[in-house]
Amino acid sequence: MAVTIKTKHGEIEVSTNTVATIVGGAASDIYGIVGMASKNQLRDGMNTILNREDFSRGVVIHQEDGKLAVDVYIIVGYGIKISEVAKNLKEKVKYNLETMLGTPAGTVNVYVQGIKVLDDIE
């Protein structure tokens, strides 16, 4: 499946894997996010943190009313304020999609699939 972006010069089709990579890159830059999680945890494993190549398994993309709707599945570090992480992720995803693809982002839904206890660094 591809996302269609309409410009004044015509239409551009961008693969959903490319959009998932952009969204996953935004998620990996946010403080407090340990990694991306799979949207199908029973099939892919409950505690699996996705690699950069697998971001498409943790991102769902829909196109609604000419805007992108994105669902992001993440794992957050223990002790981090989840509401702030989700807010920062939403802002970063919207910014990246608008600057990199030139298309407005509609809704960004964040699903926290788990919390991971981070090792203390001494």
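The crossing is right-handed. On the α1 side, the contact is made by Val19, Ile22, Val23, Ala26 and Ala27. On the α3 side, Leu89, Lys92, Val93, Asn96, Leu97 and Met100 take part. By class, the contact residues divide into 9 nonpolar, 1 polar and 1 charged. All of this is read from a predicted model.

Asn96 lies in helix α3. Is Asn96 buried or exposed? Asn96 has a relative accessible area of 8%. Buried means under 20%, so Asn96 counts as buried. Beyond residues up to four places away in sequence, Asn96 touches Ile22, Ala26 and Leu101. Ile22 and Ala26 are also on the α1 side of the helix contact.

**Leu68 and its neighbours**

Leu68 sits in strand β5, which spans residues 67–77. Its relative accessible area is 1%, so Leu68 is buried. Which residues does Leu68 contact, leaving aside neighbours within four places in sequence? They are Val3, Val19, Ile61, His62, Gln63, Leu97, Leu101, Thr103, Pro104, Ala105, Gly106 and Thr107. Val19 and Leu97 belong to the contact of α1 with α3 as well. Leu101 is also touched by Asn96.

**Thr107 in strand β6**

Thr107 is placed in strand β6, residues 105–116. Thr107 is partly exposed, at 40% relative accessible area. Setting aside residues up to four places away in sequence, Thr107 touches Leu68, Ala69 and Val70.

Glu84 is found in helix α3. Its relative accessible area is 35%, so Glu84 is partly exposed. Thr18 has its place in helix α1. Thr18 counts as partly exposed too, with 38% relative accessibility.

**Separation in sequence and in space**

| Pair | Apart in sequence | C-alpha to C-alpha distance |
|---|---|---|
| Glu84 and Gly32 | 52 residues | 9.1 Å |
| Thr18 and Ala2 | 16 residues | 9.3 Å |
| Thr107 and Asp71 | 36 residues | 8.3 Å |
| Leu68 and Val108 | 40 residues | 8.5 Å |

**The whole chain**

How many helices and strands are there in the protein? There are 3 helices and 6 strands. From the N terminus on, the elements run β-β-α-β-α-β-β-α-β. Among contacts with a separation of 6 or more, 62% join residues 24 or more positions apart. The protein exposes about 7,500 Å². Carbon and sulfur atoms supply 48% of that area.

Notes:
Residues numbered from 1 in each chain as written. Predicted model: local features only at pLDDT ≥ 70, side-chain atom pairs only at ≥ 80, totals over all residues. Heavy atoms only, no water. Left-handed = near helix turned anticlockwise from the far one by under 90°. Helix = DSSP H or I, 4+ residues; strand = E, 2+ residues; numbered from the N terminus. Contact = heavy atoms within 4.5 Å. Nonpolar A, V, L, I, M, F, W, Y, C, P; charged D, E, K, R; others polar. Areas by Shrake-Rupley, 256 points an atom, 1.4 Å probe, with all protein chains shown as cover. Buried < 20%, exposed > 50% of the residue type's maximum accessible area, 1.4 Å probe, protein only.
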